[in-house]
Amino acid sequence: MEDRQARVGCPPEGGGKTDTPILKEKETMPYPIDFMLATWRFLDLSTLLGASVFACLATGHIREFTVQRLNGFDPNVHVSWAQVSFDQNREGQKVTVLHVPHTKVSQQGEDICWAKQDGPMDPDAALAHHLEVNNPPQEGHLFTYHHKNRHRPLTKSKFLTELAKATCATGLDPLQGHSIRIGSTLEYLLRGIPFDIMKVKGHWSSDAFTLYLQKHAQILAPYIQAVPALHDSP
């Protein structure tokens with residue numbers, strides 16, 4: 001079954017099935033934005049599967065947005081197009097909201113939010129492209145893609161396999177799926193978002209996520225200057 005493989009790595013050089021990534025144990029490291037951009041260049045967004053994989057990647061959430069088995073979609077657990085909505089604050093700043101019906105830490109589900117970004121990693125543009133080319137059913141899995149004239153839900157193993165192929169093409173070493181969420185968290189922290197806000201946004205149930213983060217000095221830099229610019233904000 002394709003979903004039994006949770007970790008994938010580049011195939012060995014000089015032989016074997018070079019088009020099929022192999023299992024590989026990896027330390028949990030973050031997917032930084034430049035790593036994701038390098039991988040993006042080798043994802044074929046003209047294919048239906050590629051559009052689905054990239055849309056899922058751009059959101060920064062893998063565990064909540066993929067299924068474990070091809071026949072494992074459950075509308076009471078997994079995300080669907082019908083659960084996508086939009087909101088904005090008093091200043092008119094818009095966000096996309098995706099309700100996950102059931103999560104590991106909440107049986108009532110949680111809302112995962114993101115906003116439009118500049119550049120190719122914009123999650124809004126990636127999701128819009130996926131919806132246009134794959135047209136998933138309203139009540140079906142959100143990241144469903146067309147396969148042999150049928151809709152097929154995106155499994156975690158299929159996502160990781162396709163991502164590993166693109167990553168290997170860049171000459172980089174694939175990381176774990178969990179690394180994507182860590183990388184997203186790291187990127188926002190480097191932008192100056194406080195840890196408590198990031199904990200809410202990332203739906204982290206504890207402070208354990210800080211153990212995975214790299215570049216601690218860069219995260220702390222704006223807070224430990226002699227006259228921190230953050231203190232000058234009204």
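I began with a count: the protein chain has 7 helices and 5 strands. I take helices (H or I, at least four residues) and strands (E, at least two) as DSSP runs, numbered from the N terminus. The model is predicted, so local features need pLDDT of at least 70 and side-chain atom pairs count only at pLDDT 80 or more, while totals for chains, interfaces and linings use all residues. Residues are numbered from 1 along each chain as its sequence is written, and side-chain values use heavy atoms, with hydrogens and water left out.

**Overall**

I read the order of elements from the N terminus as α-α-β-β-β-α-β-β-α-α-α-α. Of the 234 residues, 42% count as buried. Buried is under 20% relative accessible area, exposed is over 50%, and partly exposed is in between (1.4 Å probe, protein chains only). Then I looked at contacts, meaning heavy atoms within 4.5 Å. Among contacts with a separation of 6 or more, 57% come from residues 24 or more positions apart.

**The core**

Next I looked up the largest nonpolar core, which has 29 residues. Such a core is a set of buried Ala, Val, Leu, Ile, Met, Phe, Trp, Tyr and Cys residues joined through side-chain atoms within 4.5 Å. Leu57, Phe65, Leu142, Phe143, Leu154 and Phe159 have the most contacts inside this core. Two or more residues each come from α2 (48–59), β2 (94–100), β3 (110–114), α3 and α4 (156–169). The largest share, 7 residues, is from α2.

Not counting residues up to four places away in sequence, Phe143 touches Ser52, Ala55, Cys56, Thr59, Phe65, Val79, Leu127, His130, Arg152 and Leu154.

**α2 against α3**

I checked this helix pair next. The axes of α2 and α3 come within 8 Å and cross at roughly 150°. That makes α2 roughly antiparallel to α3. Axes are lines fitted to C-alpha atoms, for helices over the stretch in contact, and angles run from 0 to 180 degrees between N-to-C directions. Under 35 degrees counts as roughly parallel, over 145 as roughly antiparallel, 65 to 115 as roughly perpendicular, and the rest as oblique.

On the α2 side, the contact is made by Leu48, Ala51, Ser52, Phe54, Ala55, Ala58 and Thr59. From α3 come Pro123, Ala126, Leu127, His129, His130, Val133 and Asn134. By class, I get 9 nonpolar, 5 polar and no charged residues for α2 with α3. Here Ala, Val, Leu, Ile, Met, Phe, Trp, Tyr, Cys and Pro count as nonpolar, Asp, Glu, Lys and Arg as charged, and the others, Gly among them, as polar.

Ser52 is in helix α2 and counts as buried, at 0% relative accessibility. Beyond four places in sequence, Ser52 touches His130, Asn134, Phe143, Tyr145 and Leu154. His130 is in helix α3 and also counts as buried, at 0% relative accessibility. With residues up to four places away set aside, His130 touches Ala51, Ser52, Ala55, Asn135, Pro136, Leu142, Phe143 and Thr144.

**α2 against α4**

I then turned to the other partner. α2 and α4 pack at an angle of about 95°, with their axes 10 Å apart, which makes α2 roughly perpendicular to α4. Leu49, Val53, Cys56 and Leu57 in α2 meet Lys158, Phe159, Glu162 and Leu163 in α4. This contact has 6 nonpolar, no polar and 2 charged residues.

**Loops**

I finished with a few loop residues.

- Asn135 sits in the loop between α3 and β4. Its phi is near 45°, a positive value in a residue other than glycine. Asn135 is partly exposed, with a relative accessible area of 44%.
- Glu139 lies in the loop between α3 (123–134) and β4 (145–147). Glu139 counts as exposed at 58% relative accessibility. Leaving aside neighbours within four places in sequence, I find Glu139 in contact with Phe73, Ser80 and Ala82.
- Lys148 lies in the loop between β4 and β5 (150–152). Its phi is near 55°, again positive in a residue other than glycine. Lys148 is exposed, with a relative accessible area of 70%.
- His102 is found in the loop between β2 and β3 and counts as partly exposed, at 33% relative accessibility. His102 and Val77 are 25 residues apart in sequence and 4.7 Å apart in space, C-alpha to C-alpha.
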